[in-house]
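Dear colleague,

Please find below the structure that I am handing over to you. I would be grateful if you would read the notes that follow it alongside the model.

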Amino acid sequence: PAWLRRLCGQLLSERLLRPNGVQAVVRGIMEGTGAGGTGAEAAAVDWRKCDAVAKILAACPQQCLSLEDYYKLVCPQILDLLHIQDKLTARQFQRVATTTLLTMAKGHPQLAEKYLLQPMLAPLLRCSDA
């Protein structure tokens, strides 16, 4: 029903905007991925889930005042997904982060550059300036 979809969307959006909310949402959705099935079958399910999560993260919720505010809150959390230490979890989180980055860069290139690409490339730029 529409009311349930709206309520779930609102709860999901509220969680994403909290500290470590992106990681909590990704963990919740990705939990159990990779278990069962053949290697190729499990990998395909894994990729589909990663793509679905990336689409969720790249979409600005209605509760946000502006797209830029959403990017300010969520993009640092997306970059944090690249630093997960557990190897199995890291692989999934990196897939989600890179797919989200690509989706955001296609949809809103200026904001993605400002909040994702510039922070990610800052160490490289500092080295090249020296």
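This is a predicted model: local features need pLDDT of at least 70, side-chain atom pairs count only at pLDDT 80 or more; totals for chains, interfaces and linings use all residues.

Residues are numbered from 1 along each chain as its sequence is written, and side-chain values use heavy atoms, with hydrogens and water left out.

Helices are DSSP runs of H or I with at least four residues, numbered from the N terminus. Helix H4 covers residues 67-80, 14 residues in total. From first to last C-alpha, H4 reaches 20 Å, close to the 20 Å expected at 1.5 Å a residue; the expected span is 1.5 Å times one less than the number of residues. H4 has a kink of about 30° at Val74, shortly before the proline Pro76; the bend is the angle between axes fitted to the seven residues ending at a residue and the seven starting there.

Buried residues (under 20% relative accessible area, with exposed over 50% and partly exposed in between, using a 1.4 Å probe and protein chains only) in H4 include Val74, Cys75 and Leu79. Helix H5 (residues 87-107) has 21 residues and reaches 30 Å, close to the 30 Å expected. Among its buried residues are Phe93, Arg95 and Met104.

The aromatic pair

A search of the whole structure finds one aromatic pair. Tyr70 and Tyr71 form this pair, edge-to-face, at 6.4 Å centre to centre and with 70° between the planes. Rings of Phe, Tyr and Trp (its six-membered ring) pair if their centres lie within 6.5 Å; planes under 30 degrees apart count as stacked, over 60 as edge-to-face and the rest as tilted. Both tyrosines, Tyr70 and Tyr71, are buried.

Lys49

Lys49 is found in helix H3 (residues 39-58) and is partly exposed, with a relative accessible area of 27%. Its C-alpha is separated by 7.7 Å from that of Ile29, 20 residues apart along the chain. A polar atom of the Lys49 side chain lies 3.3 Å from the backbone oxygen of Ile29.

Yours sincerely

Definitions and conventions
Helices (H or I, at least four residues) and strands (E, at least two) are DSSP runs, numbered from the N terminus. A polar contact is a pair of N or O atoms within 3.5 Å; within protein, one must be able to donate a hydrogen and the other to accept it, and residues adjacent in sequence count only if both atoms are side-chain atoms.
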